[in-house]
Amino acid sequence: MGHSSDDESIGGGVAVQESKPELKKPSLYKVVLLNDDYTPMDFVIDVLARFFAMSEDKATQIMLHVHTRGVGVCGVYSKEIAETKVQMVNDYSRDHQHPLMCAMEED
């Protein structure tokens with residue numbers, strides 16, 4: 001009576017099971033805005049709407065959070081997207097002579 005399954009080799013009696021490759025989800029990164037005492041609140045709202053597709057109400061909430069707590073999360077992205085957003089916001093801020101800083105940290 002031959003018994004055969006996908007997990008056994010025929011003849012040797014040695015069980016062999018193919019392992020499935022473990023797929024690891026890519027690390028995610030929080031993009032954060034850092035408070036400063038010079039950047040106008042309206043500019044921060046503009047940045048949040050422009051670069052993070054937030055409504056004016058949501059952008060206002062995040063801006064107030066940054067203003068009162070010193071830092072606020074704009075979004076969570078893959079590493080490459082987070083790096084790009086940080087660079088774009090920082091460049092945009094400098095182009096408009098504001099010290100607003102955007103940074104990223106592992107989620």
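Of the 107 residues of the protein chain, 29% count as buried. The model is a predicted one. Among contacts with a separation of 6 or more, 69% join residues 24 or more positions apart.

The secondary structure consists of three helices and three strands, which follow one another along the sequence as β-α-α-β-α-β. The three strands form an open sheet in the order S2-S1-S3, and their pairing is antiparallel. Strand S2 (71-78) and strand S3 (101-106) each have a single partner strand and stand at the edges, so one side of each is left without a neighbour in the sheet. On average, neighbouring strands of this sheet are turned by 30° against each other, direction ignored.

The pairing of S1 with S3 can be followed in more detail. Strand S1 covers residues 28-34 and pairs with S3 in the antiparallel sense over six bridges. Val32 has Ala103 in S3 as its bridge partner.

Next come the helices that accompany the sheet. Helix H2, residues 56-69, packs on the sheet and touches S1 and S2. The direction of H2 makes about 125° with that of S2. Helix H3, residues 79-95, lies across S1, S2 and S3, and H3 runs at about 165° to S3.

Terms used: Residues are numbered from 1 along each chain as its sequence is written. This is a predicted model: local features need pLDDT of at least 70, side-chain atom pairs count only at pLDDT 80 or more; totals for chains, interfaces and linings use all residues. Side-chain values use heavy atoms; hydrogens and water are left out. Helices (H or I, at least four residues) and strands (E, at least two) are DSSP runs, numbered from the N terminus. Buried means under 20% relative accessible area, exposed over 50%, partly exposed in between (1.4 Å probe, protein chains only). Contact means heavy atoms within 4.5 Å. Two strands pair if DSSP finds at least two bridges between them. Axes are lines fitted to C-alpha atoms, for helices over the stretch in contact, and angles run from 0 to 180 degrees between N-to-C directions.
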